[in-house]
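Let us take a friendly walk through a protein model together. Please have a look at the sequence and the structure first.

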Amino acid sequence: MRVVLLGTAAGGGFPRWNCACAQCSAARDGRLAARTQECAAVSGNGRDWWLLNASPDIRTQLNATPALTPGPGGTPVRGALLTDAEAHHVMGLTGLYGVPGLKVYAAPPVLSALSPLRPLLERHAPWMWADSFAEGGFVLAGGLVVSAHALGSRAPGYLPGAADDRWVTAYRVEDLATGGVLVYAPGLGEWTPALDDLLAGATCVVLDGTLCAAGAADGSVRGPRGRRTSWHLPVLGPDGSLAALARHPRPRVVYTHFDSGNPLLDPATDAYASVTGAGVGIPSDGTELRL
């Protein structure tokens, strides 16, 4: 299995267009690596590729990835698997219109949220839409078997959505040829026993790294009257994801979906040293993982 991390930043990318913080300024000056919004691509055979989320930066990401370059038969992208309905995870679908037969997998509440967009996306060519929680999982072209796992009931802020614990999901992707197992979870609000079970059989885990520490501001989310709020589980601290990962020494683990203010974006920080010293990766855009 091949996994390419097309983008590794949270909503708005890095640097954020409207932010003049020290880190965004450093990225504009070239002192820190810029990052596009979180998205990945996975393939079991190197010919059929599936997107994991579809960021607004998808055109740039696809053009920067040789494996996803169109050939005489057209694009190798077969469709997308969505982890939620957040704008920075689904708006890239609008850049994919015109390709017939793309298949989009998502949880039922996410499919419902996208229903107003479907006439726009299918104006030039029909797509297929599928429930990612279908019993028994589903098989992707290229020899991959996938199952979706509920991670949270938080609906996007732009929706009044009814309560549903499938608003945020993780995907388990198994390569039938190699036995490699990817767990892709770029959004995570809390650590649960179910997540422990999911990681126990994984070869590689791509995990939510939005916030470094508890209480840190998430620049991509604002509450009433502009107050910053956050749903994401922090990386560091006794209740953070890094501490929980100590129970899972087997899989390779990398973080993704970094907020622009996260010190993990700077290799010179103590936070970066703490995470990488624990054997967990902080990859750049374009990093390829092989399972």
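## Before we start

This is a predicted model, so local features need pLDDT of at least 70 and side-chain atom pairs count only at pLDDT 80 or more, while totals for chains, interfaces and linings use all residues. Residues are numbered from 1 along each chain as its sequence is written, and side-chain values use heavy atoms, with hydrogens and water left out.

## The whole protein

The protein has eight helices and 13 strands; helices (H or I, at least four residues) and strands (E, at least two) are DSSP runs, numbered from the N terminus. The C-alpha trace spans about 45 × 40 × 40 Å along its principal axes. A compact globule of 291 residues would have a radius of gyration near 19 Å, and the protein's 18 Å agrees with that. Here the radius is taken over C-alpha atoms, and the globule rule is 2.2 Å times the number of residues to the power 0.38.

Of the 291 residues, 52% are buried. Buried means under 20% relative accessible area, exposed over 50%, and partly exposed in between, using a 1.4 Å probe and protein chains only. Among contacts (heavy atoms within 4.5 Å) with a separation of 6 or more, 65% come from residues 24 or more positions apart.

## Around strand β3

Strand β3 covers residues 49-52, and both its faces are covered: W49 and L51 are buried on one side, W50 and L52 on the other. In a regular strand the side chains alternate between the two faces of the sheet.

β3 has partners, where two strands pair if DSSP finds at least two bridges between them. Strand β2 (residues 39-43) runs antiparallel to β3 and is joined to it by three bridges, with A41 opposite L51. Strand β4 (residues 77-81) pairs with β3 in the parallel sense over four bridges, and V77 is the bridge partner of W49. From β3 the chain crosses through helix α2 (residues 58-63) to β4 in a right-handed β-α-β crossover. Right-handed means that, with the strands pointing away from the viewer, the path from the first strand over the helix to the second runs clockwise.

Six of the eight residues of β9 are buried. Eight bridges join β9 to the antiparallel β8, where H149 stands opposite A170 of β9. Four bridges join β9 to β10, also antiparallel, and Y171 stands opposite Y184 in β10.

Which residues of helix α6 are buried? In this helix (residues 193-200) they are L195, D196, L198 and L199. Seen down the axis of α6, they fall within an arc of 165 degrees, so they line one face of the helix; the arc is that of the directions from the helix axis to the C-beta atoms. P193, A194, D197 and A200 are exposed on the other side. The cover over the buried residues of α6 includes β8, β9 and β10.

Most residues other than glycine have a negative phi, and most peptide bonds are trans. N53, in the loop between β3 and α2, has a positive phi of about 75 degrees although it is not a glycine. N53 counts as buried, at 0% relative accessibility. H257 has a positive phi near 65 degrees and lies in the loop between β12 and α8. The peptide bond from F14 to P15 is cis, with omega near 5 degrees.
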